[in-house]
Structure formats: C-alpha cells, structure tokens
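This briefing sets out selected features of the structure shown below, grouped by topic.

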Amino acid sequence: MTESSSDEGCTLRRETERVVNGIAQGLRTLDAGVGWFAGLGPARRQEVLQEVAGYAMQAHITAADGRAGVVRSGVKPTANPAVMICMDPPRYGFACLPDAEHVTAFRVLVSVFAIADTRRRETDCKGACGHGWHNLPAATEQP
Ligand SMILES: [Zn+2]
C-alpha cells in the first residue's frame, strides 16, 4: 500500500464519520448521505460499509434497533442487508455483499446506527461527552 492511498483512506474515514454522524444527529438527510455514498467507487463503498459496521458494533445495536432501523431505511425487510442486521447477534459482513446491494446495505446500516446512537446520546452521553463524533461542527460547515 502506498503513502498516498493510506492518506486517501484516512480522508475517506473522516468523511464517512462526518456523513454518517451527521445523519444520526439530524444534520443531514439519509438521501443526501446515499447520494454521497453512491458516487464512490465499489472499493471505496466497501471501505465505508466496513467503517459504518464498526460504528454499529460500537453502538451495541439490538435486534429491536435492527427492525426499527430497517423500517426507517425504506429497504424491504427481505433484502439481504435487512435480514443480516436483524439477526441476533447481527451479522456485519456488509462489505462482502455484491456491488448491487451496497446502497441498500448503507441505508440499513446508517438507519440502524442512527437509532442506537441517538439512544446513547440521550443517555450515556447526555450533557457532555468526549466523543469527537458527538460534537460535530455546526451545520454551516456541511456541504
Ligand atoms: Zn458521546
């Protein structure tokens, strides 16, 4: 791996953090996030799916979060990513799904993460917390 590709990976992770947490915190819409995601190449989309799956794991999503998130995502409950996230424990191998399912996987993952993360912000993180991603700059900086 070259120096420049690891720089790009870092930029992509920061961008992913900003987009996904922006959606979770109501600073941007899921459709806007999907627009950003769909414009990435397949390899980048896999990296993003892996990154967001990591956020979902850290947020300790439950099967109930999975079901509520699938409803919110607008993805059919029978679609592979929807089935995976509703398993107990959830399956996180979204980056291994075929290209054609990347966008539905992103919709499902972000929607479920948003539900679990909102609960965390309203309980554990209430008041102030040290999580950089819970203290994003104001919406004026968003494109
Ligand atoms: Zn926090």
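**Briefing: core, aromatic pairs and metal site**

The largest nonpolar core has 35 residues, and those with the most contacts inside it are W36, V48, I85, F94, F106 and L109. This is a predicted model, in which local features need pLDDT of at least 70 and side-chain atom pairs count only at pLDDT 80 or more, while totals for chains, interfaces and linings use all residues. Residues are numbered from 1 along each chain as its sequence is written, and side-chain values use heavy atoms, with hydrogens and water left out.

**Nonpolar core**

- A nonpolar core is a set of buried Ala, Val, Leu, Ile, Met, Phe, Trp, Tyr and Cys residues joined through side-chain atoms within 4.5 Å; buried means under 20% relative accessible area, exposed over 50% and partly exposed in between (1.4 Å probe, protein chains only).
- Leaving aside residues up to four places away in sequence, F94 touches L49, A53, P81, M84, I85, A105 and L109, where contact means heavy atoms within 4.5 Å.

**Aromatic pairs**

- The structure holds three aromatic pairs; rings of Phe, Tyr and Trp (its six-membered ring) pair if their centres lie within 6.5 Å, and planes under 30 degrees apart count as stacked, over 60 as edge-to-face and the rest as tilted.
- The W36 and F106 rings have centres 6.4 Å apart and planes at 50°, so this pair is tilted.
- Because W36 lies in helix α2 (residues 30–38) and F106 in helix α6 (residues 102–122), the pair ties together parts that are 70 residues apart in sequence.
- Both W36 and F106 are buried.
- The pair of Y55 and F113 is tilted, because the ring centres are 5.7 Å apart and the planes lie at 45°.
- Y55 belongs to helix α3 (residues 42–58) and F113 to helix α6, so this pair ties together parts that are 58 residues apart in sequence.
- Y55 is buried at a relative accessible area of 11%, and F113 is buried at 2%.

**Zinc site**

- C125 (SG), C129 (SG), H131 (ND1) and H134 (ND1) coordinate the zinc ion at 2.0 to 2.3 Å; donors are N, O and S atoms within 2.8 Å of the metal (3.2 Å for Na, K and Ca).
- The site is tetrahedral, with angles of 104 to 116° among its four donor atoms; four donors count as tetrahedral if all angles lie between 85 and 135 degrees.
- Along the chain, the donors follow the spacing C-x3-C-x1-H-x2-H.

How values were computed. Tetrahedral: all angles 85-135°; square planar, octahedral: opposite > 155°, others 65-115°. Helix = DSSP H or I, 4+ residues; strand = E, 2+ residues; numbered from the N terminus.
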